[in-house]
Every structure is written in structure tokens, then in C-alpha cells.
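Subject: A structure to look through

Dear colleague,

I am handing over a structure for you to look at, and below it I have written out what was found in it. Please keep the sequence and the 3D view open side by side while you read.

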Amino acid sequence: MVSKSLVVLTISGIILCVGCSSNGNGSTGVAAALPPVQPAGMAKNYISHVIVIIQENRSFENFFAGWPGANAPMTGCASPAPPPSGSVRSIAATSSVQKLGSGSGCPGHDSLVTLHQVTFQNNADLAHDWGSSMVDWNKGQMDGFSAYGTKHGPNQAYAYVEHSQIEPYRTMAQQYVLADEMFPTEFGGSFTGHLTLVAGTDDIKLPTEAEVNFASHTPDDCDSPPGTKTSYLTPNREVHFFDGPFPCFDQFNTAAQVLDDAKVSWKIYATKVLDAGFWEPFEAIKYVRYGPDWSKNIVAPQTQVLNDAAKGHLAAVSWVTPSKEDSDHPAYRGDKGPSWVASIVNAVGESSYWPSSAIIVVWDDWGGFYDNAPPPQLDYRGLGIRVPCLIISPYAKHSYVSHVQYEYGSILRFIEEVYGLLPGSIGSRSLGYTDKRARSLNDAFDFHQKPRAFSPIHSKYPLSVFLHEPPSNEPVDTE
């Protein structure tokens, strides 16, 4: 018998999807008939390995503008109002802009900008901290992106990456599931993005303070020099710069404690065991840094995940972070990120783990690039500006765009469901945790379908490139 709560959740999901918006200048991406959402709890009967691959700094539209069935128009709204920095030029002066008539869907005096094509070699490294996210978001109008990127030409934020350079991601979306409603827990950059991907929160004092931006000294974790301070955010969305606690947090729980207590194995693959910065967030968690997990669950270099998959050494739950060169981060001029992700997917897909695996590919923040989808505001932290998300599994729906509203806590909730843990196992919603409020990823799966055999993802750079890649000592990002 289907429970009353399940019926309510299913109806709510359909209503939410029907209300998807694209600022009126593109398709909402609502399908004529949505496949049924899987009942919560089915995943544990089919999935026993979850691999979360975390890449860098891309908005959904920067990679998937124009994707069929997705909320991803090829145009964007640009505000002519100067940003707080006062560095913006006149929007109307650029050739890619047209003055609006009625029905454009853009606010007030905005201009409609056609997204332009860029490559990994020429895309700008745009501002992507808390302050710039507030400007881009502009109280939900999604038109403040015009304030940034002017140094390298007009409307640099209004861009999508050449399709041939991200072909592995597009192949994954075509064969499996692309989620077009994945939002970070919090506005802003990489530090809080990585913390919330493993904790579902970054509240350092309840209910009035949340971690924001980055620490005053690298490596932004328990091994930072004495006197290092973090910054924090208050409910009025005021940032208190470098007035927060030392970045060795015991103010909130993470998935590490929950998985350890449930005797579920886990690993995180990072560029370095020590001083990997934001991209090994457990180094900023006191429970892990000074506990037994530190010597067994932190694995470096990150390329070891390829060998572990092939040799049967994967943990039940894996987080995988990239090197600088393989991160997709703008301005690094390299195009290896999509091939790096493909190498992990192929390593798992061609291993004994494939029949029981779910692979989730997500980006840690929007990187300053344009996105049209106003993020729902669930608390004073966010949700933040939309990022891409791919879900790959023998049980993933085929060529499916999921319109369910996800957040980083959705990944944690799915992990909880896979291992038979109660939603909210990390912490209660009243204490700032998001794994219970978040919708699970189960819309991406059809556990009634025959599990699919794996077809390798073609990529420019083969697996051997990454197996022999020298270790990197460079930080992936500083924002």
C-alpha cells in the first residue's frame, strides 16, 4: 500500500515542477508526463556503493544551455544598474544586447543577452564569493551577472562552454540523468560548498552564524597557522569578515560520524592528505583530523580512486575531488576535467562495482557564470546559484532530465537511504542541517527496470593519462 505521505510528496513534486521558471525567456523543461518517483527506501535494495565526484565552479547553463527538456535558455537577463564595485560599463553599448520589448521575461529595464560560446582556454575566472553571488542573484531577479567579467570583454558571465570540450558530460546526460534543479546549500564559493557537501550544514553558532567565504590563512583547516580566523554570516545576510572561529570545526556533525556509527565504510580522494585546502573538507573537521579516520579514510593522490575501483578497494561511500589541472576551474586553460570525470565513471563502470553503484557528479559552486533559475530561499544561507548534476547508475533513468528541486543535502539524504539510515541522521533541521528537509535523488532512478550494462564514456584523454598523472601541490582554488 502506498503511504499517504508518499502520495503527498509525489503530488508536491509534480506541482513544484510545473512551477519551474526560466524568467520567461526559455522552456521550463516540464515533460508532458513525468515517470513515477521511486518510493523512499528502495535504493537500499539495489545500491551499495555511492561515488560523489565533485568538480569546480560551473553554473548549470555554462555547461548545459540549450539542453533539450531542461530549464536552460540560450539568453539571459542583464541589469544596467552599476554594481557596488562601480566597475560595470553600459549594457546597452554591447553588440550582443537588444533592448527589450514586452514579453521578454526580464525585469524592468534589463537587457536580453544572447549567451556566447567560450572554451576552457578563454573563459574568465569570475568572482564567486558571497558578495558576488548576492549581486548575481539580485534578490531573485538573476540579472546582476552583468556586473562582473568586464575586464575581458562584455558580459563574460553570459557564456556556455563549447560542446565538443564537454562531450563526456553531454554523453552522460544523454545516457543517464541530468538534474536541472540542483542548488548549493549556501550562496558563495568553494569552502562552504565542500563543507556542506559532507555535512549538510556549516552553522557554527545556532541560530545566528554560518560559515561563509574562506579563512584568513591557508590551508583553511585544522592545520592553518595559529590565529587563523574564519568569516561568518548572520541572518540579516551580513558577512563578518575574519571574526569567526579557527577553521577546525566541532560545531557541527558530518556524514563521517554517521557512517562510522553505522559501520559504513567511506573514503575521500584528494590531491594531498595534508594541506589539500578546501578540497579535502574533513581536514577542517576536528572529529576526522584528530581521530582514527584520518589515517585510513583520507586517500591521496585523488587518482588512487581509479586503482581502487579496478582492484576492489572502494569504500561504500566515496567522495572524489580533483587536482587543479582536472578541476574544470575557469582560467586554468586546461580541458582535462571532463575526461577526468569520465575516467572515474569508466573505472567504476568496468569494475565489479557497477551493478551496485550510483555515481553523482556535482560542481561545488556556480563560478560566477550566468544562470537563469532563481534559487529557492530556504534559510538565510541560501539555496545558492544552480549547478549541474549528473546521476549515473545501471538503475538510472535513460536520457532523463530530473526537475525535482535538489540541494547538496539531497546527496546526503540519498546516502542515508542507501544504507538504511533515517533522513536527518546527521542532525535535525532545527539545528541547521539539511539532509532531512532535502528531497532525495530517487527521482533519478527506476529500480523496476532491468539494470543496464555499462557502455564506456568516450573522452579526449584516456584513463592512462590520469593513472600516470604526477601529484599536484597547487591549490585548486582560493575562493
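Which residues line the largest cavity? Please bear in mind from the start that this is a predicted model. The lining of the largest cavity is made up of Ala255, Val258, Leu259, Leu412, Ile415, Glu416, Leu421 and Ile426. Two helices, α6 (255-261) and α11 (408-418), each supply at least two residues of that lining. When the lining residues are sorted by class, seven are nonpolar, none is polar and one is charged. The volume of this cavity is about 40 Å³, and a search of the whole structure finds one cavity of 30 Å³ or more.

Next comes a pair of helices. In general, two packed helices are described by the angle between their axes and the distance between the axes. Helix α4 (residues 167-175) packs against helix α10 (residues 337-349) at an angle of about 45°, and their axes are 7 Å apart. From α4, the residues Pro168, Tyr169 and Met172 take part in the contact, and from α10 they meet Gly337, Pro338, Ser339, Val341, Ala342 and Val345. The residues of this contact divide into seven nonpolar and two polar, with no charged ones.

Please also find the open sheet of four strands, which has the order β8-β9-β10-β11 and antiparallel pairing. Its edge strands are β8 (203-205) and β11 (239-240), each of which pairs on one side only. Within the sheet, strand β9 (residues 209-212) and strand β10 (residues 231-233) run antiparallel and are joined by three bridges.

The loop between β9 and β10 holds Pro219, and the peptide bond from Thr218 to Pro219 is cis, with omega near 5°. Another cis peptide bond runs from Ala300 to Pro301, with omega near -5°, and Pro301 lies in the loop between β13 (298-299) and α9 (304-311).

Finally, there is a backbone angle to check. Lys139 has a positive phi of about 55°, although it is not a glycine, and its place is in the loop between α3 (130-137) and β6 (159-161). As background to these last points, most residues other than glycine have a negative phi, and most peptide bonds are trans.

With best wishes

How values were computed. Residues are numbered from 1 along each chain as its sequence is written. This is a predicted model: local features need pLDDT of at least 70, side-chain atom pairs count only at pLDDT 80 or more; totals for chains, interfaces and linings use all residues. Side-chain values use heavy atoms; hydrogens and water are left out. Two strands pair if DSSP finds at least two bridges between them. Axes are lines fitted to C-alpha atoms, for helices over the stretch in contact, and angles run from 0 to 180 degrees between N-to-C directions. Contact means heavy atoms within 4.5 Å. Ala, Val, Leu, Ile, Met, Phe, Trp, Tyr, Cys and Pro count as nonpolar, Asp, Glu, Lys and Arg as charged, and the others, Gly among them, as polar. On a 1 Å grid over the protein atoms alone, a cavity is a set of points where a 1.4 Å probe fits but cannot get out, and a pocket is an open set with protein on both sides within 12 Å along at least five of seven lines; lining residues have an atom within 4 Å of a point. Grid points are joined across faces, edges and corners, and a volume is the space filled by probe spheres set on the points.
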